[in-house]
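Dear colleague,

Please find below the structure that I am handing over to you. My notes on what was found in it follow directly after.

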Amino acid sequence: MSTESEESSGLIEFLAWVETHKQKLVVGGVGAIIVGGAVYVSQWKADQNEQAAGGALYEVQVKESETEDADKPSPADYLAVETGHAGTSAAERALLLAARGHFVAGDYEDARAAFDRFQSEYGSSPYVETALYGIAASLDAAGKLSEAKAAYQAVVSRFANAPVAAQAKLALASIHESAGESAEALALYNELDRPGVPQSYSSRALTRRAKIFDKHPELRPEPAAVDAADGVTTETAVIGEAAVSTETSEAGE
């Protein structure tokens with residue numbers, strides 16, 4: 001049988017199969033249309049909810065930036081957006097902004113509770129590291145230093161390679177300093193004096209480390225000694241390349 005004959009035979013068989021099963025195909029096609037329509041409507045509604053939530057959050061933020069202090073929105077205004085548009089990305093941001101509002105207002109327990117709720121309900125959010133740092137900062141500001149230390153350490157452990165870890169180390173070192181634990185603080189400042197740490201944090205760590213050395217010179221490390229080699233003394237090696245050259249010349253005379 002030629003290829004063309006095989007193709008014609010296959011086509012005839014396919015058409016016969018379609019004729020036999022056309023009722024099922026029609027029903028299946030209608031089902032697919034219904035499912036597709038339901039998915040489209042669901043996505044459309046989700047998009048509408050996101051737009052509405054974003055608009056509501058934007059209005060509160062504009063009010064905060066453009067009004068006098070007495071008329072600025074409260075954390076409750078942000079929470080209204082969060083509860084009214086649950087499940088949207090704007091709701092996540094609204095809860096985080098409500099927590100920040102409590103913190104700025106000095107309501108540290110309410111701030112901690114809001115940050116804690118965020119990390120519990122939006123654990124997969126990219127903002128969760130901010131929430132965990134907010135928990136630690138709220139405890140710190142409330143004077144609960146033991147709990148704050150543990151919370152900062154949790155941030156460092158979970159987000160070791162993120163900038164928030166450097167920020168947490170600075171705060172943790174500050175707690176150690178306030179407790180008179182200078183050695184522990186120095187260890188953290190030394191960790192921040194490394195490649196890859198954002199300069200804004202490493203420079204602050206160096207400044208604070210210098211202040212500790214001024215107060216406690218006994219904690220300043222001894223200069224590293226250089227072993228004598230090839231007839232060059234440690235002192236000569238420290239002076240520099242010119243001295244090494246001089247030493248070499250003298251040895252050759």
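Y133 has a relative accessibility of 17%, under the 20% limit, and therefore counts as buried. Please bear in mind throughout that the model is predicted.

There are three aromatic pairs in the count. In one of them, F118 and Y122 are tilted, with 5.2 Å from centre to centre and 40° between the planes. Both F118 and Y122 are buried. Another is formed by Y133 and Y152: the ring centres are 5.7 Å apart and the planes stand at 55°, so this pair is tilted. Y152 is buried, because its relative accessibility is 2%.

A further buried residue is S202, which counts as such because its relative accessibility is 13%. S202 sits in helix α10 (residues 199-215). Beyond its neighbours within four places in sequence, S202 contacts L192 and V197.

As to confidence, the protein chain has a mean pLDDT of 75, and 60% of its residues reach 70 or more. Among its elements, helix α7 (residues 145-158) has the highest mean pLDDT, 96, while helix α11 (residues 234-239) has the lowest, 37. Residues 33-46 have pLDDT below 50, and this stretch makes zero contacts in the model beyond near neighbours in sequence. Over residues 231-253 pLDDT also stays under 50, and the model has 13 contacts for them beyond four places in sequence. Where pLDDT is low, the predicted coordinates should not be read in detail.

With kind regards

Definitions and conventions. Residues are numbered from 1 along each chain as its sequence is written. This is a predicted model: local features need pLDDT of at least 70, side-chain atom pairs count only at pLDDT 80 or more; totals for chains, interfaces and linings use all residues. Side-chain values use heavy atoms; hydrogens and water are left out. pLDDT is the predictor's confidence in each residue, from 0 to 100. Helices (H or I, at least four residues) and strands (E, at least two) are DSSP runs, numbered from the N terminus. Contact means heavy atoms within 4.5 Å. Buried means under 20% relative accessible area, exposed over 50%, partly exposed in between (1.4 Å probe, protein chains only). Rings of Phe, Tyr and Trp (its six-membered ring) pair if their centres lie within 6.5 Å; planes under 30 degrees apart count as stacked, over 60 as edge-to-face and the rest as tilted.
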